[in-house]
Amino acid sequence: MLNKITKKVDILDNNGVCINPGYCFKYLFNYNRENIKARESRIKEWEFYQFIEDDYVMQFTIGYASIFDSYSFNFFNIKTGVKYEFGKLRLHKKGEIIYPNPEESFNLSYSSKKFNICFKNDNGKRHIIFNTINKRYGNVSANVFINGDLKNEKMCILTPFKESKYQFYLNYKENYYDCVADINIGKEKYEFKNLKGLVDSGRGYWPFKQDWVWSSLTNSIDGHDFGWNLGFGFGDLSHATENMIFFDHKGIQLGELDFEIDFENQSTKPILIKDKNGIFEAKLEPIFDNYTETNFIWIRNKCHQVFYKASGYVLINNKKYNFKNIKCFLEHAKNRW
């Protein structure tokens with residue numbers, strides 16, 4: 001039985017136990033971080049944004065995991081494979097950057113002589129400012145304006161873990177963001193007016209070793225805004241799955257899905273995803289594997305974020321909407337952090 005949250009609730013009680021696991025389409029969880037019963041190095045917090053226009057993908061991250069703060073800007077072309085990566089790791093200082101509830105206004109930033117990044121959120125309107133001096137490319141900058149609406153329905157989920165009653169994953173994802181951006185990488189200049197993408201806010205304390213599968217899509221069908229957030233493998237999903245369809249800015253919660261995935265050949269073999277009730281089906285044909293790997297001290301992270309062309313259908317109010325060759329991604333991450 002899935003648990004739909006209908007009123008504002010805390011995620012932890014005074015003893016640090018995860019309470020109120022479930023899902024909602026509007027953000028109703030209170031991230032009462034002060035109640036977490038774990039040392040600082042076991043807490044994870046991040047803001048991750050990804051946007052696509054044609055074959056270009058840009059990603060921004062500001063976050064904290066283990067004993068490190070991580071800041072990054074990645075920009076790549078899924079057709080040509082050309083990829084730019086700019087990042088900064090530094091030792092975490094407790095309390096220096098405060099990660100709020102995802103819909104609260106905030107200003108998260110880091111600044112040094114050669115690397116500056118700032119994430120701003122003002123009532124759903126978001127702004128990213130990035131600049132660095134790179135040895136290979138020289139001056140690199142990004143100025144990104146992200147248009148959001150707090151009335152949009154989104155995936156808000158609180159996931160517990162069977163390993164410990166104190167562990168949890170609070171996740172907020174929305175797929176309806178329009179974005180304009182100016183990107184400069186040395187002498188190369190890019191101007192985007194029609195970027196579509198997602199915001200992913202994560203907060204949690206969970207086991208050192210875990211894997212997950214996550215897929216996201218933002219596009220349109222027959223003039224209707226359409227997207228999905230799908231996944232499995234991470235935590236106890238008996239209270240709420242990560243599987244949601246979004247249509248005209250409204251969410252549809254799905255139960256378990258059948259994923260036919262050959263993980264050993266994920267970057268070359270198609271994937272089939274089916275809803276057991278026949279509401280949704282998609283076949284994913286691979287385009288590009290945005291593979292990343294981190295090996296640093298005790299941290300070991302591997303992720304195949306494969307981009308696909310998706311074709312299939314979704315049933316909305318007994319009407320069948322077909323889609324063909326629209327871009328999405330599905331990632332398989334193995335994390336030890």
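Predicted model: local features only at pLDDT ≥ 70, side-chain atom pairs only at ≥ 80, totals over all residues.
Residues are numbered from 1 along each chain as its sequence is written, and side-chain values use heavy atoms, with hydrogens and water left out.

Let me begin with the sheet, where nine strands, in the order E18-E17-E16-E15-E23-E22-E21-E20-E19, form an open sheet with antiparallel pairing. Strands here are DSSP runs of E of at least two residues, numbered from the N terminus, and two of them pair if DSSP finds at least two bridges between them. At the edges sit strand E18 (250-253) and strand E19 (257-260), each of which pairs on one side only. As one example of the pairing, strand E20 (residues 271-275) and strand E21 (residues 280-296) run antiparallel and are joined by four bridges, and Lys274 has Glu281 in E21 as its bridge partner.

The largest pocket holds about 1,200 Å³ of space, and of its 43 lining residues, Thr61, Ser70, Thr292, Thr294 and Trp337 are the closest to its centre. The second largest pocket has a volume of about 520 Å³, and its lining counts 29 residues, with Ile52, Lys196, Gly197, Thr218 and Asn219 nearest the centre. Among the elements that give two or more residues to this second lining are strand E15 (209-221), strand E16 (224-232) and strand E23 (319-336).

Finally, where does Trp206 lie? Trp206 is in the loop between E14 and E15, and Trp206 counts as buried because its relative accessibility is 0%, the cut-off for buried being under 20% relative accessible area with a 1.4 Å probe and protein chains only. Leaving aside residues up to four places away in sequence, Trp206 touches Arg42, Lys44, Trp46, Phe161, Gln167, Phe168, Tyr169, Phe234 and Trp337, where contact means heavy atoms within 4.5 Å. Trp337, then, is a contact of Trp206 and also one of the residues closest to the centre of the largest pocket.

Notes
1 Å grid on protein atoms, 1.4 Å probe; cavity = no way out; pocket = protein on both sides within 12 Å on 5 of 7 lines; lining within 4 Å. Points joined across faces, edges and corners; volume = space filled by probe spheres on them. Buried < 20%, exposed > 50% of the residue type's maximum accessible area, 1.4 Å probe, protein only.
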